[in-house]
Amino acid sequence: MSIQIKDEFRVSPFLVLFLVHGTQYGIGVLSFQRDVASIVGHDAWISVIITGVILHLLIWMMYSMLNKDKGDLITINQHTFGKWIGNLLSIFIIIFILSHTITVLRSYIEIVQVWMFPLLKTWPFALVILLAVYYIVTSGFRVVTGVSFLSVVLPFYLVFTFFVPIEFSNFRNLLPVFDHSFVEMARSIKTTALSFSGIEHILFFYPFIQKPESSQKWAHYGNLLTTSLYLLIMVVTLVFFEHEYLNSVIWPTLMLWKIIELPIVERFEIIGVTSWAVVMIPIICVMFWSASRGIKEIFKVKQKKALVLLLFICFMISCFLTEREMIQQFNKWQSEVSFFILLIYIPILFVCYHIRYKLRRKG
Amino acid sequence: MIKKVKIAAVLGIIFSALFFGRVPSQILDDLNLASAVGYDFAGENRIKTTSVVPVFNPDKSVGNETFTATDELSKETLRKMNLSSARRLVNGKLEVALYSKELAKRGIGDLLDTLQRDPSISERLLVAVADGEAEQLLTNKYGDRDTGVFLSMLIDQNIKAGLVPTYNLHLFLNNYYSKLSDPFLPLIGQKGKDVQIKGIALFKGDRFLKTLHEDHQFVFKALLEKLKSANYKLRLKEDEFVVIENVNSKHRVRVRNGKHTPEISIGLRVKGIIREKMGKTTNKREIHYIKKQMKKQLEKQGTEMIRSFQQSGIDPLHLGNEVRSRTRNFNTKKWLAQYPDIKITIKVDVDILEKGVID
Amino acid sequence: MRNWFRKASVVQEQGTLPALIQYYKKSGDFVHFHNPQTPQPFWISYFGSLIDVEILHRDILPYLQQTALTSLEAVRAALPFEDVLITSEQKKIEDALLRGSVLIQLDETASICALVRAEMKKSREVTIPEEEYSVVGPKEAFVESITTNLNLIRTRLPITELQVKEFTIGTLSKTKVAVLFIDGITNEENVNTVCQRLENLQFHQILDSSFISQLIEDNTISLFPQLIDTERPDRVAGALGEGSVVIVVDGSSHVLIGPISIMELFNAFEDYFVNWQIASAFRLIRVFAVSFSIMVTPIYVAVLTYHYQLIPKDLMVTLVSSRRNIPLPPFLEAVILELTIELLREAGARLPSKVGQTIGIVGGIVIGTAAVDAGLTSNVLLIIVALAALASFTTPVYRMGNTIRLLRFPFLLLAELWGLLGIAIAFIFLMNHLLRLTSLGRPYLEPIYPPRWKDLKDSFIRLPFSKQSRRPHFFQAKDQIRFPAKKVNEVKDIDE
């Protein structure tokens, strides 16, 4: 039943922190504030906290399944829904992950095109990034984890930059606390789903962790780190922008950087966008790794071949998304699907799996 | 075999990146880095744009060059100015944007769009209103730097140590977008050959409304932020003055009955040092008198200023936001209707800390 | 393999020892003579270029001439040598002859003979280290002789656990290679990896230890050295004590140490001779200098080509006015200047040291000033490139300096292509390459990744010796404890 991975390919449990945080904290950070704040205004930070708590719950659910199954998403789906339906669901998830990589890659290229090089062609740049991804993913899960680790640790200095805009902020903007209804809160949580998604990859890399049961707390810490960073950015955004102004800004985080002026560097947002290339890489890598791993298990093909196929699809679709409106629409769908997978699919799977598990034990 | 395919693929990617991935370069010395831009009214829906470009000489001195063009859209004027520029004119290093008073009276909302939309323009850009023609103000050269940097240093210096409240493009836009508050800008004008800050221009929405009275500048800045080091001239008698220096201040807003008819009371605490005084010595009684006079004068100036804001229906002091942040289910429309009539009081506390080295 | 020797042995297979000698005689430096006058006649043969004639005259011939040589056993008894070999195996005879032995026969036709070692020992004196010179600390450096080198190491580690495994590698050079490790400390896996790789090695000539390191490295395409070569015996002894494996190669004054992590390349052994705070500061400076050296010219190119907004307004005057009359775009300007510096360095390295210094001064000052005056380069870039070149010399491992020199160019190219973003992408590739790299199967980027906090005590910084009671986890040493950790003293109050 369970999947056995050779010990030399496994990583130590505490690196799960970086895997979880690294995959969550990505392209959403640059733009998530507006969508939330357009619904709940200055209470947006509360809905960030609520989403964080919900995600902790989801992590707990996933671990309770994985600890019993000792496998990954594919085996869990098979055990719960039978081989055919289970595999079909897994394929859906893999397609979702693939489209998520497209969202991340294309959104990043869009940011580069808007903020740095308006005339940058999408395809050569995407090719180079995907070449890096191929190089990383083919090096194996240890290296993918290493990239997540370094991509979290090295650009961590960016956290300090979020304190600079406070000089021009008005903390009165946060008051009065909890001025919105529960319905509005619930609706705003939906918009954060895309920025917070990433924890679902635990379902794929679980067998690659040494003593995987002990990694649960690190997954929680990872999510905690993400939530606190989102909270920090959200609070700074809310005090930095007047509510009406925020509604017209597409990338509030980049606007936060724009105000930073150091003695050696003016216009910090260029450094920020550049650093974000490093921040974004592990997300794409982990996603491609999970997706190709899933294909390998379902169809019993070589992971390298699956990876090449996925990279090719990602490349083609990214090149077809040319306009801002198209990208935005794509991101919107992705957000809806993320919401569905995280907050509906995983809880349902959780319930079904445990019912099946009990039944099987009795039988 | 597979290895060869791989090497070919990698080489292909490198090749295509090098040949198709190129982006047009903006080499520093091939650019004309505009440091200031000025907008003038040039007939209905037409604007005249003036750009100031520093000329860097090899001996490290800096000169000045200006370009002018007229069109409906400001980006289009950029293209027209490029027609007469040997190096490409770019806006990435803009320090100052000036709007002529006439233009500002008609509204600058559409012109602000270009400053916001262009990612290369700094959020710290200093916007100002030119008293008179912006073009004329910009074509003159002041000081040892180019006009743009000179103006930004001038305004910056007056923000740090003078009576211009802290502001930049970002804070201006915050006020401009907010329904509850209105923006303000410094007013810059020429005085003979020099340029000087003439006061504060108050806006209603995107339109210039009036200039802040000179006497109100101190209290205006004190009610917006904490003063760190400012000067205050106090009139004691008909022709007896005293200058209070290094003034620190703190203010605190209290709102009562925010839901229905808000009452606002502002407490202002001012601390300073006597630096120059006419007339008698500064004994204890005299200082007590100065404190009392200063309190009276500040309260009078503050009340007058706020009254005039209420009459014009503008709120550059963010009083609306203060009320909103203290009221659940705040109703913006109701507040805006109530604003001219609500009761706003100012209470000032004055401390004189030192009086210099003589008594 | 060993084609050269195959040919030789074809001749030998049919022939006996006399036939063999006939074959050797074709070589002009082979000496074969017969001494009929002594009590018993004997034949002596050797390669004149390999043996020490003084030994022959002083320690062999007199004894042979004085004694009655009834048998080869008598020869062995007569000679004042502890290891006179008596054999008829042709392979052994050949090996011994080629290593400088004297062959003694009592009967010219017999195939059995005695072999006495009389090799010429030529070796320089032990001198002071040149590449890894340090002001404080011992001043001995390795020389080209393996025996001297082993002696230098063993005198620093006079323990029986220090073991030496010998190999002979190279079909032509027959180089002696010794693998050293401390039994009970060094992880056998590391020793086995090294031995395995050395055994599988097929090469014709091993002329220096760098041949070995290039041949047995984990990733031969990589620019980064995966084994350190050092000329300091103290560094080798220190490495052995930590649990690494050491490879000593005959004829090379550099000894290889492995496995290593990247931080090892920033550590000079001098760091252990000075205060730990000072050592830590120096290490951080080196890390900074290396990243500065790689990044600074690409950043200059990126900012001047694409990101003029980044330049602060006060710096603008300096930058623009220095670049005003330069005909070349920043990229070409930088490449030309970088190449000039490489040129100077290469010329300096090829010339004798005194002329080299002159070249450095001529190049640095005269060409630099002239280039700026002529308006070919901006003086800002000249400062930057010179600083970058200077910074690349801070790394204590010479081969790392070469890596840095070369690593700058891909960065430069990508900076020209996509500005700062290109640098970020180059960085991603570099990061991934380093993550992928291993040294003798151990992760190269340790202790950064996999993160091992305890190993940080001797990486970016060096904590005091009292905190180093355990060996770094990196080497997976069998015995983790170096010395018993000091017990925590009770906190004393003032004047107690």
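Modeller: The domain bounds used here come from an automatic or database domain assignment. On that basis chain B falls into domain 1, residues 25–212, and domain 2, residues 214–359. This is a predicted model, in which local features need pLDDT of at least 70 and side-chain atom pairs count only at pLDDT 80 or more, while totals for chains, interfaces and linings use all residues. Residues are numbered from 1 along each chain as its sequence is written, chains are lettered from A in the order in which they are written, and side-chain values use heavy atoms, with hydrogens and water left out.

The C-alpha centres of domain 1 and domain 2 of chain B are 31 Å apart. Domain 1 of chain B puts 24 residues into the contact and domain 2 of chain B puts in 26 residues, where contact means heavy atoms within 4.5 Å. Together the two domains of chain B bury about 1,900 Å², and 61% of that is on carbon and sulfur atoms. Buried area here is the accessible area (1.4 Å probe) that two parts lose on being put together, summed over both. On the domain 1 side of chain B, the residues that lose the most area to domain 2 are Leu163(B), Leu180(B) and Leu212(B), which together make up 39% of what that side buries. Between these two domains of chain B the count of salt bridges is zero; a salt bridge is a side-chain nitrogen of Lys or Arg within 4 Å of a carboxyl oxygen of Asp or Glu.

There is also a record for part of chain B. An unreviewed UniProt entry lists "domain: Spore germination protein N-terminal" at residues 25–188 of chain B; such annotations may be inferred rather than shown by experiment.

About 3,300 Å² is buried between chain A and chain B, with 52% of it on carbon and sulfur atoms. The rule finds two salt bridges across this interface. In a salt bridge between these chains, the side chains of Glu266(A) and Lys93(B) meet at 2.5 Å, N to O.
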